[in-house]
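Student: Please take a close look at one part of this structure, a pair of packed helices, and then go on to the salt bridges.

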Amino acid sequence: MSDREVNPAAVPTPMPDTQGDGRWLSLHNHFMSTSKDKEPEVVFIGDSNVQLLHQFEVWRELFSPLHALNFGGVGDGTQHVLWRLENGELKHVKPKIIVLWVGTYNQGHSAEQIAGGIQAIIQCMEKSQPQAKVIVLGLLPRGKNPNPLRERNKRVNELLAESLAATPNAILLDADPGFVHSDGTISHNDMYDYLHLSRQGYTRVCQTLHRALLQLMEGRGRATQK
């Protein structure tokens with residue numbers, strides 16, 4: 001992508017209200033209002049993978065004790081998370097750590113565009129939350145069998161590994177425990193629809209993430225990248 005091209009994945013954009021009930025904007029406003037009296041140490045922000053995590057026991061077991069807030073949207077792409085940030089979603093909180101997980105729901109964007117969108121989110125966080133360390137969760141594989149979107153996500157992770165290596169306050173964390181089997185398939189026991197994680201899938205991913213959070217909170221510098 002040349003410098004003259006506009007990256008649609010890095011342009012702050014509200015989610016289209018295709019259902020006509022305003023749910024996405026209502027959720028954004030809810031996050032802003034409920035955070036006014038909170039003092040979280042960790043904030044999770046991103047797409048449906050973040051939102052659904054809140055519904056499982058692993059959230060209450062591992063992340064609630066860390067005074068964590070969950071700002072997961074519904075099917076958000078990088079451009080939607082960027083809009084939420086630029087419209088004040090984190091203005092009432094000053095967390096020590098922000099966990100960012102977004103990108104797999106970007107539709108029609110290349111790996112380079114998605115990686116650029118994630119980098120734009122990180123830059124926004126550096127301006128508004130300079131005290132926070134940012135853990136960027138790598139995109140997981142998707143689809144029962146090998147497919148172009150799985151390859152795209154892999155490429156996004158490769159690009160982020162290169163770009164974030166020189167970013168002091170952000171790290172890329174590969175939390176994939178090995179969802180792809182030797183024959184190239186993913187089990188529905190880990191991803192019930194081969195995109196969204198099951199209870200078992202979240203448990204496997206969150207073990208690595210929880211260790212990384214504890215390392216950062218205990219002041220041991222940059223969390224170990226897998």
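Tutor: In this predicted model, the axes of helix α4 (residues 78–86) and helix α5 (residues 111–128) come within 9 Å and cross at roughly 15 degrees. Angles under 35 degrees count as roughly parallel, so α4 is roughly parallel to α5. The crossing of the two helices is left-handed. From α4, the residues in contact are Thr78, Val81, Leu82, Leu85 and Glu86. Their counterparts in α5 are Ile114, Gly117, Ile118, Ala120, Ile121, Cys124 and Met125. Sorted by class, this contact has nine nonpolar, two polar and one charged residues.

Now the salt bridges, of which the structure holds nine. One of them joins Glu41 and Lys96, with the closest N and O atoms 3.0 Å apart. This pair links distant parts of the chain, 55 residues apart: Glu41 is in the loop between α1 (23–34) and β1 (42–46), and Lys96 is in the loop between α4 and β3 (97–101). Lys96 is partly exposed, at 47% relative accessibility.

Another salt bridge pairs Asp76 with Arg84, the closest N and O atoms being 2.7 Å apart. Asp76 is buried, with a relative accessible area of 0%, and Arg84 is buried too, at 2%.

Asp190 and Arg204 also meet through their side chains in a salt bridge, at 3.0 Å from N to O. Asp190 lies in the loop between β5 (170–173) and α7 (199–217) and Arg204 in helix α7, so the bridge ties together parts 14 residues apart in sequence. Asp190 counts as buried at 3% relative accessibility, whereas Arg204, at 28%, counts as partly exposed. Finally, salt bridges with shared partners join Asp76, Arg84 and Glu89 into one network.

Terms used:
Residues are numbered from 1 along each chain as its sequence is written. This is a predicted model: local features need pLDDT of at least 70, side-chain atom pairs count only at pLDDT 80 or more; totals for chains, interfaces and linings use all residues. Side-chain values use heavy atoms; hydrogens and water are left out. Axes are lines fitted to C-alpha atoms, for helices over the stretch in contact, and angles run from 0 to 180 degrees between N-to-C directions. Helices (H or I, at least four residues) and strands (E, at least two) are DSSP runs, numbered from the N terminus. Angles under 35 degrees count as roughly parallel, over 145 as roughly antiparallel, 65 to 115 as roughly perpendicular and the rest as oblique. A crossing is left-handed if the near helix is turned anticlockwise from the far one by less than a right angle, and right-handed if clockwise. Contact means heavy atoms within 4.5 Å. Ala, Val, Leu, Ile, Met, Phe, Trp, Tyr, Cys and Pro count as nonpolar, Asp, Glu, Lys and Arg as charged, and the others, Gly among them, as polar. A salt bridge is a side-chain nitrogen of Lys or Arg within 4 Å of a carboxyl oxygen of Asp or Glu. Buried means under 20% relative accessible area, exposed over 50%, partly exposed in between (1.4 Å probe, protein chains only).
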